[in-house]
Amino acid sequence: MWWMMGETGGHYCSKKTDDICGDVCGQESSRVLSMSRLRCILHGVDIKTYIFLFAIVPTCIFGIYLHGQKISYFLRPLWESPPKPFNVIPHYYNENVTMENLCKLHGWGIREYPRRVYDAILFSNEIEILTIRWKELYPYITQFVLLESNSTFTGLPKPLVFGSNKDKFKFIEPRLTYGTISGRFKKGENPFIEEAYQRVALDQLLKIAGISDDDLLIMSDVDEIPSAHTINLLRWCDDTPPVLHLQLKNYIYSFEFLVDNNSWRASVHSYQTGKTRYAHYRQSDVLLADAGWHCSFCFRHVSEFIFKMKAYSHFDRVRFSRFLNPKRVQRVICEGADLFDMLPEEYTFKEIIGKMGPIPHSYSAVHLPSYLLENADKYKFLLPGNCIRESG
């Protein structure tokens, strides 16, 4: 074994640092000691560790930044339980069956005269889908109630779109109660607060419209369209549930992409003064099957898709500015993919995995709103095989 004398004193250190790197001379200066420790640490690190520290770890961090939301949604079954199942009422309908028999099939009685029906909505910019909705429901609605704000739920200024297009809806003018409300434009506020503020204002507008006890009130977004025969059934039948949710076929972008049959937020209420409050969440456990259509993001123009992505309550899903690129939006529409690059919002791994990837194309246009099919040339963009949108 080789030894050497230190220049500053009679202390000895081994030259064979490969074997005894920890026996560094204890009397060296603190700087030399720190450097020696670092050398010892680095000496014990092999090339695989370097790759892990300087390549894999940063890659993982960047991957979490890009796909953290997907990871969270995929793991949802671990941290959130599914909601209580609905009590689903089978829905019976054929145009050749009498109303008395239809009511009886549902376990309900028949009324001597139909109840009045109020259709109340908050409106943003969905002119096309609003037209289809009102044409579908027109024969059975006593009063159409529409509230419009000059603010989106996210606090962005918006024009009064309906106000400037009222001449397109002269067919319901005698039955229309239209109101406007000024937005509060509070930056950084949770958008659901602004949404709730507007829904409370809609309660007041309903009173102005003349709603009274035992009238039926439809609570749903513009794009949640009950079928005409569903509303006719409920206005004629007696002893229906006081609060009844409607199961709607759930489409996205057009009636070409059927997501599932699980849209349930639309509801019909037997109005009670002082008790009924306009809302858009679960309010009962009773669900009427196959009661209409929910066509989300069903717009004619690419610009309307982009506006809604920035304006509605879930705007936080726009995690990157590239999501709003018009060419990307158009590509996503035709693919049936997700505008926000998200995983399905489900509560079991089986359902999440089963819905991953683009939505399959549907080529069925059976049992869609009648006005849509009667005016197929005008609303071609909502029918199968027509995914290209206008750029304006």
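Contact here means heavy atoms within 4.5 Å. In this predicted model, 73% of the contacts in the protein chain between residues at least 6 apart in sequence join residues at least 24 apart. The protein chain contains twelve helices and 16 strands. Of its 392 residues, 43% count as buried. The accessible surface of the protein chain amounts to about 21,500 Å², and carbon and sulfur atoms account for 57% of that surface.

In soluble globular proteins, nonpolar side chains tend to be buried together. In the present model, the largest nonpolar core comprises 49 residues, and the members with the most contacts inside this core are Leu130, Trp134 and Leu382. Helix α6, which spans residues 127–137, gives the most to this core, supplying six residues. The surroundings of Trp134 include several aromatic residues: when residues up to four places away in sequence are not counted, Trp134 touches Phe144, Phe162, Phe169 and Phe171.

A disulfide is a covalent bond between the sulfur atoms of two cysteines. A search of the whole structure finds three disulfides. One of them is formed by Cys103 and Cys237, whose sulfur atoms are 1.9 Å apart. This pair links distant parts of the chain, with Cys103 in helix α5 (residues 99–105) and Cys237 in strand β10 (residues 237–238), 134 residues apart. The link of Cys103 and Cys237 is left-handed, with -90 degrees about the S-S bond, and both cysteines are buried.

Another disulfide joins Cys295 to Cys298, with 1.8 Å between the sulfur atoms. The torsion about the S-S bond of Cys295 and Cys298 is about -80 degrees, and the disulfide is therefore left-handed. Cys295 and Cys298 are both buried.

The pair Cys334 and Cys387 also forms a disulfide, the sulfur atoms lying 2.1 Å apart. Because the torsion about the S-S bond of Cys334 and Cys387 is about 90 degrees, this disulfide is right-handed. Cys334 belongs to helix α10 (residues 326–335), whereas Cys387 lies in the segment after α12 (370–374), so the pair ties together parts that are 53 residues apart in sequence. Cys387 is buried because its relative accessible area is 18%, and buried means under 20%.

On the exterior, a nonpolar patch is formed by Ile71, Leu75, Leu78, Trp79, Phe349, Ile353 and Met356, which together have about 700 Å² of accessible area. Two helices, α4 (76–79) and α11 (349–355), each supply at least two residues of the nonpolar patch. Ile353, one of the patch residues, lies in helix α11. With a relative accessibility of 51%, Ile353 counts as exposed, because the exposed class begins over 50%.

Terms used:
Residues numbered from 1 in each chain as written. Predicted model: local features only at pLDDT ≥ 70, side-chain atom pairs only at ≥ 80, totals over all residues. Heavy atoms only, no water. Patch = residues over 30% accessible without salt bridge, like charges linked within 9 Å, V, L, I, M, F, W, Y side chains within 5 Å. Areas by Shrake-Rupley, 256 points an atom, 1.4 Å probe, with all protein chains shown as cover. Salt bridge = Lys/Arg side-chain N within 4 Å of Asp/Glu carboxyl O. Helix = DSSP H or I, 4+ residues; strand = E, 2+ residues; numbered from the N terminus. Buried < 20%, exposed > 50% of the residue type's maximum accessible area, 1.4 Å probe, protein only. Disulfide = S-S within 2.5 Å. Core = buried A, V, L, I, M, F, W, Y, C linked by side-chain atoms within 4.5 Å.
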